[in-house]
Amino acid sequence: MFYQFALSFGIAVLAVSGVLAQGLPDGPARSLVEGTCTACHSERNITYSSGYSEADWKELSSTMVDFSADPAMRDELARYLAAHFPPNTRRAAKLVPGPRQITFREWVVPTLGQRSRDPVEAPDGSIWWAGQWGNLIGRIDPETGEMVEYPLPDSAMPHSVTPDAAGNIWYTGNKNGTMGKLDPATGEITEYKMPDPAARDPHTAVFDAAGILWFTLQQSNMIGRLDPATGDVRLVTMPTPRSKPYGIKVDADGHLWVACNGSNCLVKVDPETMDLTEVKLPIPATTVRRLDIAEDGIIWYVNSSQGRLGRYDPATGDIREWPSPSGPKSHPYALVVADGAVWYNESGVRPDPLVRFDPETETFQSWPVPSGGVYAGIIRHMRTDRNGNLLIHQSGTNRIIRVTPQDGEPE
């Protein structure tokens, strides 16, 4: 299992480098926590958490590590964590009640510690996800719950998955500088390497109406175009240095729109020439993780650094923003337009709330996103299925989740 390698590797690195989690309190299980937990993530995930009871620490840790062979180890770890990191309100979310109702359906993916993310529906109705830390992609049959995982070439570390019209599954090789295609019928994987060695980290991808695959490269500060028919890859550099292109969507006219996670901009891409047009957003400290485009052409985006929801009208240039319910440090992240509303999450607070914004009434409603019996994890991308349900995830607890808005409002 991926975790078993990460655990042994992490302990070796900690022992050799002497880099220990100095922020963890003394206690008989401190070394156990350092070896087990920080092998896969920073100690900040613990010290900056909202804290849990002993029972909840057991459940949470069991979504990341297989303790079946040593439940006593799990219990010792949970006792230490509960004693030093009990529930707190430092990052408490502000949940907003309202009339709408939703339901959650969760699937726990097979390989623990993989940080499952970015679920999407394929043409046959199956749901696919990227297991970034597990170097795999996976498939769920939502009717039966059956799951299959597909290992990827070394160091692909997929950031996202996107199906094409024929049912092939494309992934972004975020660590090895490739785009990849899986044929689910045969299991065959085809890799497309970047033509420029500076293009290191394909990030998020989307197909346009002509079947061309467009993708962002965040740290490389580029946008890419791949023609599946020829394998030709073209790249263009963003106008502003370190603007970190992140989310990408296609509008009704075929133009691409890109979110800037390192600068206060949205960028429009001409699909024929790959010319880029930058739209500056009004608050200089703005950074944008994700965006989506409504049927009327309005672009909705999350102002992640400022804790705000934004609206840009390409026809008029008008820009408006609303403070997110949990405040300036709520760090809105994923976003999708569905059910006549804008849905996004607040990743900087706990629980990680799913927020619905009604553009007509300019009102918010929010729900805590479950991760089993605890509230943990984070949503990094959301899309919809053919029925208008939201497909989200909790990467910290290896869960894929379908959210179904209920028809109408309760009486």
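**Entry 1: the disulfide**

Which residue does a disulfide join to Cys260? I looked it up, and the partner is Cys265, with an S to S distance of 2.2 Å. I jotted down that this is a predicted model, so every value here is computed. A reminder to myself: a disulfide is a covalent bond between the sulfur atoms of two cysteines. I counted them too, and the structure holds 1 disulfide.

Next I checked its handedness. The torsion about the S-S bond of Cys260 and Cys265 comes to about -100°, so I wrote the disulfide down as left-handed.

Are its two ends buried or exposed? Cys260 has a relative accessible area of 0%, so I put it down as buried. Cys265 is buried as well, at 0% relative accessibility. While on cysteines I looked up Cys37, which has a relative accessible area of 13%; the cut-off for buried is under 20%, so Cys37 counts as buried.

**Entry 2: a sheet of 4 strands**

I moved on to an open sheet. Its 4 strands come in the order E22-E23-E24-E25, and their pairing is antiparallel. Which strands sit at the edges? They are E22 (332-338) and E25 (363-368), each of which pairs on one side only.

Then I walked along the pairs. E22 and E23 run antiparallel and are joined by 5 bridges.

How many bridges pair E23 with E24? I got 4, linking residues 341-346 of E23 to residues 353-358 of E24 in the antiparallel sense. Here Asn345 stands opposite Leu354 in E24. This pair is a hairpin too, with 6 residues between the strands.

**Entry 3: how enclosed is E23?**

I went back to E23 to look at burial. I found that 6 of its 6 residues are buried, so this strand is largely enclosed by the rest of the structure. In a regular strand the side chains alternate between the two faces of the sheet. With that in mind I sorted the residues by side: Ala341, Trp343 and Asn345 lie on one, and Val342, Tyr344 and Glu346 on the other. Every one of these is buried, and both faces of E23 are covered.

**Entry 4: helix H4**

Which residues of helix H4 (residues 54-62) are buried? My list reads Trp57, Leu60 and Ser61. Looking down the axis of H4, I saw that its buried residues fall within an arc of 95°, so they line one face of the helix. They pack against two helices, H3 (44-47) and H5 (71-84).

**Entry 5: a proline in a loop**

Last, I looked for Pro99 and found it in the loop between H5 and strand E1 (102-108). Its relative accessible area is 43%, so I noted Pro99 as partly exposed. I also checked a distance from here: the C-alpha atoms of Pro99 and Ile169 are separated by 38 Å, and the two residues are 70 residues apart along the chain.

Note on methods: Residues are numbered from 1 along each chain as its sequence is written. This is a predicted model: local features need pLDDT of at least 70, side-chain atom pairs count only at pLDDT 80 or more; totals for chains, interfaces and linings use all residues. Side-chain values use heavy atoms; hydrogens and water are left out. Two strands pair if DSSP finds at least two bridges between them. A disulfide is a pair of cysteine sulfur atoms within 2.5 Å. Buried means under 20% relative accessible area, exposed over 50%, partly exposed in between (1.4 Å probe, protein chains only). The arc is that of the directions from the helix axis to the C-beta atoms. Contact means heavy atoms within 4.5 Å.
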